[in-house]
Amino acid sequence: MIQSPRGTRDFLPDEMERRRFYEGILRQTARRYGFREIQTPIFEEAELFIMRSGPNILNELYAFKDKGGRDLALRPEMTAPAIRSFVNNMSNEPRPIKVFYFGQCFRYERPQSGRYREFFQFGAEIIGAATPQTDAEVIAAAIDMIGALDLKDYKVRIGHIGVLRKGLVSAGVPAESMPEILQKLDKKLYEEAWPLMEAAGVERKDAEAVFELAGTVGGEEVLSMISGEESDYLRQILSYLSAMGIDAPEIDLGVVRGLDYYTGMVFEVEAPALGAEKQICGGGSYTLSELFGGDKVFSTGFAIGFDRILLALEKEGASAPLEKPDAYVVAVSNETSLKAFEIVGILRRNGVSADIDLADRKMAKAMKHASSIGSRFAVIVGNEELKTDSVTLRDMTSGEQKVVKIDDLPSEIKDH
Ligand code: HAM
């Protein structure tokens, strides 16, 4: 038997309805912030992701050659595609441009709970603004989206990539060693960072100072430990967040992010209930457009790991409403079968979701099916009632039945 590829999933109807329900909430919230949706291709020129995504993403890239010999890759994330599309199509539009996107991404990772090779991101980018207000707006949108889903237990941490970068520069780390060392610091793997730093000529005491910085977490008071620009900038973000009524996030100077393109504020949201794969959202400010042939344009954005946030909601016992058909139409005998199809047509044209027996089932079996699919009503089409252009309408919950004119049937069902 052929199975779906490792790290991918099939979503069956109940799960799909649940996913669409939550996706709808995210979409509505994004619109409320003035973000408008874009869609970009699932595969791109591999170069787009090779340029600046960093070592982690490169190792996980699904890259291939097409029949024309082009080097392509399935997208591992959607920020680079969004900025490519901005450079190609939107660079003359008034800025800032606010876009959001939802779709699947692909990373060749070791699959486990909450970590897949095909997963979904819901993300947003503000392109063409470099202000604390922009960063605050992005963080607020992410927090409001998570809140709109009604997730209760999550934690937001914000930092500034400039802090560790400066720390590493003053410890003597050359630019080319920076990405690999930052990735180790991101994962708090200090003992793995040390040999890389030592090889770059860093002294142990300077490395210790960097490790201490990377481990600094707390409230606003943490900002007094760092100098100048970065702390002022983060402080301003906190004031704008507070003005918008958003609870103060934790300051974590060790937030580095797994991608390489960030230049300023960085933030992550985690849901502790998820254990190892607890990061449900990540983002920050960056520039990419100049790499893709455009001007240098500052942007800020984030992506929510849609699958992970759904797992976190499930752990909290949240449930999404499942839509059931309003009516199931049953012909009492073969003689009324055509009439039953006429009635199902009338119902559907009048906005009632209606299903019908397709298997020539006997009445009792058809009624059983109506109840197993959770239909609210059964419409029983029998010869006797048809003489007065009527049918029997049965409320499947209470079991009550009444005879209803076919003309009145759609409103009778919709009003209940
Ligand atoms: P990222 O942190 O690499 O950031 O991914 C965003 C989110 O996608 C993660 O926080 C996580 O929830 C989810 N995710 C990542 N990998 C997997 C996986 N294998 N399985 C399930 N979920 C996963 C970005 O992708 C950036 N583009 C975010 C961004 C937008 N930065 C600026 N704008």
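Predicted model: local features only at pLDDT ≥ 70, side-chain atom pairs only at ≥ 80, totals over all residues.
1. Domains. The domain assignment divides the protein into domain 1, residues 13-315, and domain 2, residues 327-414. The C-alpha centres of domain 1 and domain 2 are 53 Å apart.

2. Helix H10, length. H10 runs over residues 228-243 and has 16 residues. From first C-alpha to last, H10 reaches 23 Å, which is close to the 22 Å expected at 1.5 Å a residue. Just after H10, Gly245 takes a positive phi of about 80°.

3. Helix H10, buried side. Which residues of H10 are buried? They are Glu230, Ser231, Leu234, Ile237, Leu238 and Leu241. Because these residues cover an arc of only 120° around the axis, they sit on the same side of H10. The spacing follows a general rule: an α-helix has 3.6 residues a turn, so residues three or four places apart point the same way. Note that the buried set includes Glu230 and Ser231. On the other side of H10, Glu229 and Ala243 are exposed.

4. Cavity. The count comes to 1 cavity of 30 Å³ or more, and about 30 Å³ of space lies in the largest cavity. Its lining is made up of Ile161, Arg165, Leu182, Gln183, Val256, Arg257, Leu259 and Asp260. Helices H6 and H7 (178-186) each supply at least two residues of that lining.

5. The largest pocket holds about 1,200 Å³ of space. It is lined by 50 residues, of which Arg107, Arg257, Glu277, Gln279 and Arg308 are the closest to its centre. Arg257 also belongs to the lining of the largest cavity.

6. Pocket, lining elements. Which element gives the largest share of the lining of the largest pocket? Strand S11 (279-287) does, with 7 residues. At least two lining residues each also come from helix H3 (55-59), strand S6 (118-127), strand S12 (298-305) and helix H11 (306-315), among others.

Conventions:
Residues numbered from 1 in each chain as written. Heavy atoms only, no water. Helix = DSSP H or I, 4+ residues; strand = E, 2+ residues; numbered from the N terminus. Expected span 1.5 Å × (residues − 1). Buried < 20%, exposed > 50% of the residue type's maximum accessible area, 1.4 Å probe, protein only. Arc of directions from axis to C-beta. Domains from an automatic or database assignment. 1 Å grid on protein atoms, 1.4 Å probe; cavity = no way out; pocket = protein on both sides within 12 Å on 5 of 7 lines; lining within 4 Å. Points joined across faces, edges and corners; volume = space filled by probe spheres on them.
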